[in-house]
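Hi everyone, and thanks for making time today.

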Amino acid sequence: MDLVTVCSTHEFSLCAKKLIASHLHLYPDAKVVLCVFGEMANCAGRVTDKFEIVKIPQDCQHAWNPRYYYFKTAALRIGMEHCRESFACIDSAHRIVARPVEIEDALRTKGRFYVEFPRVDFFKIKYVTTAACQKKLGVTPEEIEEVYQYQAGLQAYRVTEENVKFVDALVKYMKDPLVAGPSNWAQQPDGVNSIVRHHRNDLSVLSILIPRFKFDQPFSLDTSSKYGDRKKIGRASCRERV
């Protein structure tokens, strides 16, 4: 299993170095693709046959905007082009601490790996997807009433035609600023009378496209305990029992 990750600053490059080392410890023959933008863009180039540094393409106006997260979907597309049989795309701030057998099993049996957040009201996608994004994606509030969030910082794919089509759809939608934006820091982007707390950018699009492509991987307590966003789940548990 190859590895794809992204960094835009020197600080994140130090994190990426630790992630890469942890991956190569388990997969010494893996290929690593480090995607870069911002102040790290000048580092792009082929280092070895198994290590490439690839610049995130500036193919839309917000490509390098760190708060719109287009770069994460672009990294998935780069992974499909540069990796071999399969790859994990992992946020650079993470590190692998044990062999990810669940990811390996999912790649073998399903062709991809996702982590869904707990199926409680707090994690419904309707609270983190703007009306403009929903319209662009062609969904209604009723259609996503029971759709839950998936983590975007950890995904894995086999390099297949089906998965390429899925990633191409992600990239296509995320090129639209009304889909990718606004910044995830913006509170109540649809106004104070809307249920939308904020917009989750690539996570919003990913979570809506997964059921559309019938790629669902429903919440698993065991998977979440090993790969879940514990900080975010912890915040939600103050409101609901997870």
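Let me start with a term we'll need: a residue is called buried when its relative accessible area is under 20%, exposed when that area is over 50%, and partly exposed in between. Lys-175, with a relative accessible area of 33%, is therefore partly exposed.

Please keep in mind that this is a predicted model. How confident is the predictor? The chain averages a pLDDT of 94, and 95% of the residues score at least 70. There is a stretch to treat with care, though: over residues 237–242 the pLDDT falls below 50, and beyond near neighbours in sequence this stretch has 9 contacts in the model. Where pLDDT is low, predicted coordinates should not be read in detail.

Now back to Lys-175, and what it pairs with. It forms a salt bridge with Asp-59, with the closest N and O atoms 3.7 Å apart. This pair links distant parts of the chain: Asp-59 is in the loop between S4 and helix H2, Lys-175 is in the loop between helices H5 and H6, and the two are 116 residues apart. Asp-59 is also partly exposed, at 36% relative accessibility.

How many salt bridges are there in the whole structure? A search finds 21. Let me pick out a few more. The side chains of Asp-29 and Lys-50 meet in a salt bridge, at 3.7 Å from N to O. Asp-29 sits in the loop between H1 and S2, and Lys-50 in the loop between S3 and S4, so this pair ties together parts that are 21 residues apart in sequence. Asp-29 is exposed, with a relative accessible area of 54%, while Lys-50 is partly exposed at 37%.

Then there is Asp-121, which forms a salt bridge with Lys-124; here the closest N and O atoms are 3.6 Å apart. Asp-121 is partly exposed, with a relative accessible area of 31%, whereas Lys-124 counts as buried at 8%. Both belong to a network of salt bridges that links Asp-121, Lys-124, Lys-126, Glu-145 and Glu-146.

Let's turn to helix H1, which runs over residues 10–26. Its 17 residues reach 25 Å from the first C-alpha to the last, close to the 24 Å expected. Which of its residues are buried? They are Ser-13, Ala-16, Leu-19, Ile-20, Ser-22 and His-23. As a general point, an α-helix has 3.6 residues a turn, so residues three or four places apart point the same way. What covers the buried residues of H1 includes strands S1, S2, S4 and S5.

Have a closer look at His-23, which is in helix H1. Its relative accessible area is 0%, so it is buried. Setting aside neighbours within four places in sequence, His-23 is in contact with Met-1, Asp-2, Leu-3, Ala-30 and Ile-96.

Last topic: the cysteines. The count of disulfides comes to 0. Cys-60 is in no disulfide, and the nearest cysteine sulfur, that of Cys-133, is 14 Å away. Cys-60 is buried, with a relative accessible area of 15%.

Technical notes. Residues numbered from 1 in each chain as written. Predicted model: local features only at pLDDT ≥ 70, side-chain atom pairs only at ≥ 80, totals over all residues. Heavy atoms only, no water. Helix = DSSP H or I, 4+ residues; strand = E, 2+ residues; numbered from the N terminus. Expected span 1.5 Å × (residues − 1). Buried < 20%, exposed > 50% of the residue type's maximum accessible area, 1.4 Å probe, protein only. Contact = heavy atoms within 4.5 Å. Disulfide = S-S within 2.5 Å. pLDDT = per-residue confidence, 0-100. Salt bridge = Lys/Arg side-chain N within 4 Å of Asp/Glu carboxyl O.
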